[in-house]
Amino acid sequence: MSALSKAKGFKKSKSGTYLSIATTAFGAISVIKQAKRARSEQDTLQLVDAVVSAAAIVTGLAILYRELKRFGDDDVLLG
């Protein structure tokens, strides 16, 4: 099995999904900083960009959560 196919397999695994959730949530930190900076500078365009980025993060997390639900395990984190 090649390294690329192993990487694709990991991405579709439960562990890979958890890692994706963590990195996506970590990206929210920079969006929060961007929003705070935009508000303090009263930069509407930067604030709009932060809001759109936040919406993308929320959507991405929802999609990843749905992927975890598809695994169908009785995972304690999913309830």
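Helices here are DSSP runs of H or I, at least four residues each, numbered from the N terminus. I keep that in mind while reading this model, which is predicted.

Entry on the end of α2. Gln 42 lies in the loop between α2 (14-41) and α3, and I recorded Gln 42 as exposed because its relative accessibility of 71% is over 50%.

Entry on α2 itself. I checked the length of the helix against its residue count: at 1.5 Å a residue, the 28 residues of α2 should span 40 Å, and the end C-alpha atoms are 41 Å apart, which agrees. I then looked up burial along α2 and wrote down Gly 16, Thr 17, Val 31, Gln 34 and Ala 38 as buried.

Entry on charged pairs. Which side chains meet in a salt bridge? I found that those of Glu 67 and Arg 70 do, with an N to O distance of 3.1 Å, and a search of the whole structure finds one salt bridge. Both residues lie in helix α3 (residues 44-71), three residues apart, which is about one turn of the helix.

Side chains of opposite charge can pair when their charged atoms come close. I also looked up how accessible the two partners are: Glu 67 counts as partly exposed at 26% relative accessibility, whereas Arg 70 is exposed, with a relative accessible area of 58%.

Note on methods:
Residues numbered from 1 in each chain as written. Predicted model: local features only at pLDDT ≥ 70, side-chain atom pairs only at ≥ 80, totals over all residues. Heavy atoms only, no water. Salt bridge = Lys/Arg side-chain N within 4 Å of Asp/Glu carboxyl O. Helix = DSSP H or I, 4+ residues; strand = E, 2+ residues; numbered from the N terminus. Buried < 20%, exposed > 50% of the residue type's maximum accessible area, 1.4 Å probe, protein only. Expected span 1.5 Å × (residues − 1).
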